[in-house]
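Biologist: Could you take me through one part of this protein up close, in a single connected walk? I would like to hear what sits around it and how you decide on the words you use.

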Amino acid sequence: MTYPLISLIIPTYRREQILKDTLEDVLKQDYPHLEIIVVDQTLTHEPSIQAYLEQLVNTHKIQWFRVNWASLPGARNYGVRRAKGEIILFIDDDVQLPPNYLYAHVEAYQKDPRIGAIAGRVLDRMKLADSEKVANPESPYTIEILPPEAMDPGIAWYHIDLVHTTKPQQVISTRGCNMSFRKEIFTKYNIWFDERFRGSAVREESDFCLRLRQTGYKIWYEPDAYLVHLGEETGGCHDISTRSFNYQLTFYHNHFLMALKNLNLNQQLRLYAKLFDCHVLGNPPCNKGGSPLKILVRLFFYSLGLLDAMKTVILAKGSDGQIYSQEDLNNSQLNQNQLSQIA
């Protein structure tokens, strides 16, 4: 078997020791053809982390790109434009990797040339702990085959489980902290992450995957390509406080934006109903507090998020919203012009 070049892209924002730990895990991988691209949105690092990153650059172990803005989809696109690999692999900056992680991603593509993306299993520390509270300790909660609803664009997001599922199968979407794609998804089909998804960019990978599926490629879930997601409570590309105004607004905005862009009317209505039932009323699987005041507050953000997403779509009529990518492309063109003038 020949092993293609993997471009492993790590967007990072306001992470220090955990970023170092993640990179050390990556550097332990023995995969023969690998480039590591760190897209760093942190303005100032602690001196020890700054020195560590500089040392990795100086020894040609990583490529380290620093930008002065914070956007998770923008950082992903920025990394892809600099990647040389046939396979583009994204991980978060707070993960732990098993020894054969990279091989598992690559070998999954060998199963079928129609596979355009791999959704790796995520051993999410928080979600595993939640499931253990309700599962029989002698019989841990697992899923072999996802239900048909997990492939329905209207409600799949409440049925797809990339934490507890144990068998390989086709899925509708990846999860952002552990996903890979054939490079040609970007270069040949011109599908990029939408930089209008804000904050933690929830649903940005779902939006990307719904557009990817229109190419005829399929998305394959590979449980052997697993990692441990630590879910650190500090740093990261988002407002970590789920009670904050910005978090609540962007959460609903991003869900509605994905729906408005990709779903037909019937699918949209079913998603809106499920979003309302789960996240506003607090019914399972969300299991939120059901006091009238809390429901009214969540209804306010639900309504505001819908209006905000509609505004985003309307404004997009004259722009694709890729502001960070456009800035990067403009800067690249400017640099090329300056070099040609010198030559």
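Modeller: Happy to! Let me begin with a term: buried means under 20% relative accessible area, exposed means over 50%, and partly exposed lies in between (1.4 Å probe, protein chains only). Please keep in mind that this is a predicted model, where local features need pLDDT of at least 70 and side-chain atom pairs count only at pLDDT 80 or more, while totals for chains, interfaces and linings use all residues. Residues are numbered from 1 along each chain as its sequence is written, and side-chain values use heavy atoms, leaving out hydrogens and water.

Strand β8 covers residues 178-182 and holds serine 180; strands here are DSSP runs of E with at least two residues, and helices are runs of H or I with at least four, both numbered from the N terminus. Serine 180 has a relative accessibility of 0%, so it counts as buried.

What does serine 180 touch? Leaving aside residues up to four places away in sequence, its contacts are Ile87, Ile88, Leu89, His105, Tyr109, Gly116, Ala117 and Ile118, where contact means heavy atoms within 4.5 Å. Between serine 180 and alanine 117 there are 5.5 Å from C-alpha to C-alpha, although they are 63 residues apart in sequence.

Now for the aromatic rings. The whole structure has 24 aromatic pairs. Phenylalanine 90 and phenylalanine 181 form an edge-to-face one, with 6.2 Å centre to centre and 65 degrees between the planes. Because phenylalanine 90 lies in strand β4 (residues 87-91) and phenylalanine 181 in strand β8, this pair ties together parts 91 residues apart in sequence. Phenylalanine 90 is buried at 0% relative accessible area, and phenylalanine 181 is buried at 0% too. Phenylalanine 90 also pairs edge-to-face with phenylalanine 193, at 5.5 Å centre to centre and 90 degrees between the planes. That pair links strand β4 to the loop between α6 (184-187) and α7 (204-212), 103 residues apart. For the terms, rings of Phe, Tyr and Trp (its six-membered ring) pair if their centres lie within 6.5 Å; planes under 30 degrees apart are stacked, over 60 edge-to-face, and the rest tilted.
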